[in-house]
Amino acid sequence: MAKEDQKKYRDALEHAKREFAKRSLSKVLELSGAEPHGESGLVIRYGERLYQVQYPVGEISPCESKEYGDWVEITDRILILQYLTEVCGVPPSGRWISFRELPWGNNHYAAFKLEAMDPLAKRFGSSPAEFELACLNLGGKKLAMGDLAFALPVLPRLQLAFILWLADEEWPARANILFDATASMHLNTEGLEVLGINIAEKIIALTDKEESGTMIK
């Protein structure tokens, strides 16, 4: 990671911690879907894992630290804290919208497609069984879209849909990521962009771990 990116993410993390500390723990628990942990913390599911978050300092560690190690990617830490700070308590609506339909989403669509959708299509365009297994391991539920699609509960109040069209003789594989219509009530568009990229990477990583024989059950 370039030094400029390292500083950008460190600054973003410190800002996220400060904003998180401004919200009362009781309000965070009321709105986020997280569970209390001890006297000054909470546990939240993000992707396939549970994380402990200390209040008000905003330090985050995996609940399965003995098995996974203590490291949490900095963008994941930022996203969890931003969600806990911005979430409004509204449950998913079940209505899906595209990234372009998010506020200012059209301005970032090309980069989002390049970093999130295209890698999914490349990795799973000829491997639907692997895509299905990875999505199921992330708690996915099948949707009637594309050739194969799943709704993933990536955060307690926030769902994303991952859709795959398989490659054939005429068309290359394609993928899309949709957002629940309430998504912008819980994270801003920049956060949702990073969230979609991170979860796409997790879907691919789960498959690669299984193939290498190191996937943790």
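**Entry 1**

I began with Lys-17, which counts as buried at a relative accessible area of 13%. My scale for this calls a residue buried under 20% relative accessible area, exposed over 50% and partly exposed in between, with a 1.4 Å probe and protein chains only. Before going further I noted that this is a predicted model, where local features need pLDDT of at least 70 and side-chain atom pairs count only at pLDDT 80 or more, while totals for chains, interfaces and linings use all residues. I also noted that residues are numbered from 1 along each chain as its sequence is written, and that side-chain values use heavy atoms, with hydrogens and water left out.

Which residue forms a salt bridge with Lys-17? I found Glu-59, with the closest N and O atoms 2.8 Å apart. For a salt bridge I need a side-chain nitrogen of Lys or Arg within 4 Å of a carboxyl oxygen of Asp or Glu. The helices (H or I, at least four residues) and strands (E, at least two) are DSSP runs, numbered from the N terminus. Glu-59 is partly exposed, at 35% relative accessibility. I then saw that Glu-14 joins Lys-17 and Glu-59 in a network of salt bridges.

**Entry 1: another pair in α1**

I stayed in helix α1 and looked at Lys-22 and Glu-19, which are 3 residues apart, about one turn of the helix. Their side chains meet in a salt bridge of 2.9 Å, N to O. Are these two buried or exposed? Lys-22 counts as exposed at 64% relative accessibility, and Glu-19 is partly exposed at 27%. For the whole structure I wrote down 10 salt bridges.

**Entry 2: two domains**

Next I checked the domain assignment, which gives domain 1 (3-86) and domain 2 (96-212); such bounds come from an automatic or database assignment. The centres of the two domains, taken over C-alpha atoms, are 23 Å apart. Domain 1 brings 15 residues to the contact and domain 2 brings 18, where contact means heavy atoms within 4.5 Å.

How much area is buried between domain 1 and domain 2? I noted about 1400 Å², with carbon and sulfur atoms giving 57% of it. Buried area here is the accessible area (1.4 Å probe) that two parts lose on being put together, summed over both. On the domain 1 side, Leu-79, Tyr-83 and Glu-86 supply 39% of the area buried against domain 2, more than any other three residues.

**Entry 3: what crosses the interface**

I found 1 salt bridge across the interface of domain 1 and domain 2. Lys-202 forms a salt bridge with Asp-76, and the closest N and O atoms are 3.1 Å apart. Lys-202 lies in helix α7 (residues 189-212). Both Lys-202 and Asp-76 are buried, with Lys-202 at a relative accessible area of 17%. Setting aside residues up to four places away in sequence, Lys-202 touches Tyr-46, Glu-48 and Asp-76.

Ile-74 lies in helix α4 and counts as buried at 12% relative accessibility. Beyond its neighbours up to four places away in sequence, Ile-74 touches Tyr-9, Arg-10 and Leu-13. The C-alpha atoms of Ile-74 and Leu-13 are separated by 7.4 Å, although 61 residues separate the two along the chain.

My last stop was Leu-158, in strand β8 (residues 158-165). Leu-158 is buried, with a relative accessible area of 0%. Apart from neighbours within four places in sequence, its contacts include Tyr-83, Pro-92, Leu-187 and Leu-195.
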